[in-house]
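Trainee: I am new to this structure and would like to learn how to read it feature by feature. Could we look at it together, beginning with a helix?

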Amino acid sequence: MLRLQDASVCFGAVRALDAVELEIVAGERVALVGANGSGKSTLLRLLHGLVEPSGGSVWRAPQRQAMLFQRPFMLRASAAHNVALGLWLQGRTWSAARAQAAEALARVGLGELAGRRATTLSGGQQQRLALARAWATGAQTLLLDEPTASLDPHAKREVESLMDAWASASDPGGLPRTLVFASHNLGQVKRLATRAIYLERGRVRADLPVDAFFDAERLRQTHPEAHAFLKGELP
Ligand SMILES: Nc1ncnc2c1ncn2[C@@H]1O[C@H](COP(=O)(O)OP(=O)(O)OP(=O)(O)O)[C@@H](O)[C@H]1O
């Protein structure tokens, strides 16, 4: 679905990503981990086309892709309108968009809050609304930048279980869905991801199946930098 070849991103003198090689295929659930400033957000933004590479190349399969942020972007309109507008912009009639939005909101447990102004919803509810919007518009790949970082444990579990439900279902065309998310929560990485990528100062230092990533002894031998970062944090 996504490929980076020798991709770098510079912001002035800061090299936020440095010669990244990466290929993500349909159905993968990829977690990006690393210290603050290691390049996780920049990598997601590059994959979504929100920043241009300063060097190297980005390739995206022709597909619908959506990105969710730590603080979701909400229009100052009802929850239902926030979802329906995206669908209307895709060409649905307004009544079809409204009906589909109602379905999507029910799926994320927001059916009763459909008429509430989205900006008055709690952080967890807004994140569920953002997921409903991506789900309804038929995204095949979802990129999420620390989607549960500011949520309480209950809201975090709800959002996580929706991410899991979304990724476990195929899209209407039968293709497996692809999830790429940045997280500082290693328990979440273990629960949701099949592959973990560890970044350090803009470079990919480890790219492993999640079981291998959380095998502390093996990681220490094969990827000492990643092991040093995770030491004491391994769930
Ligand atoms: N728009 C920008 N202008 C200048 N520097 C930037 C910009 N965006 C990111 N950077 C720098 O690029 C580097 C990587 O930042 P990035 O936000 O990608 O890291 P991160 O791993 O997502 O961090 P965090 O865990 O804190 O969210 C940092 O040094 C950051 O200061």
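Mentor: Helices (H or I, at least four residues) and strands (E, at least two) are DSSP runs, numbered from the N terminus. A residue is buried if 20 or more other C-beta atoms lie within 10 Å of its own, exposed if 12 or fewer, and partly exposed in between, with C-beta atoms placed from the backbone. In helix α2 (residues 79-89), the buried residues are A79, A80, N82, V83, A84, G86 and L87.

Trainee: Before we go on, how should I treat the numbering and the model?

Mentor: Residues are numbered from 1 along each chain as its sequence is written. This is a predicted model, in which local features need pLDDT of at least 70 and side-chain atom pairs count only at pLDDT 80 or more, while totals for chains, interfaces and linings use all residues.

Trainee: What covers the buried residues of α2?

Mentor: An α-helix has 3.6 residues a turn, so residues three or four places apart point the same way. Here the cover over the buried residues of α2 includes α3 (94-107) and α4 (123-136). Taking contact to mean that two C-beta atoms, placed from the backbone, lie within 7 Å, V83 is in contact with A101, A104, L105, A132, R133 and A136, once its neighbours within four places in sequence are left aside. Just after α2, G91 takes a positive phi of about 115°.

Trainee: Which residues touch the most other members of the largest nonpolar core?

Mentor: A nonpolar core is a set of buried Ala, Val, Leu, Ile, Met, Phe, Trp, Tyr and Cys residues joined through C-beta atoms within 7 Å. Of the 63 residues in the largest one, A31, L32, V83, A101, L105 and A132 touch the most other members. Helix α4 gives the most to this core, with seven residues.

Trainee: How many bridges join β8 to strand β9, and what else does β8 pair with?

Mentor: Two strands pair if DSSP finds at least two bridges between them. Strand β8 (residues 195-200) and strand β9 (residues 203-209) run antiparallel and are joined by six bridges, with R195 standing opposite P209 in β9. Their hairpin has two residues between the strands, and R201 takes a positive phi near 45° there. Strand β8 also pairs with β3 (residues 29-33), in the parallel sense and over four bridges, where L32 stands opposite I197.

Trainee: How many helices and strands does the chain come to?

Mentor: The chain comes to nine helices and nine strands, and 38% of its 235 residues count as buried.
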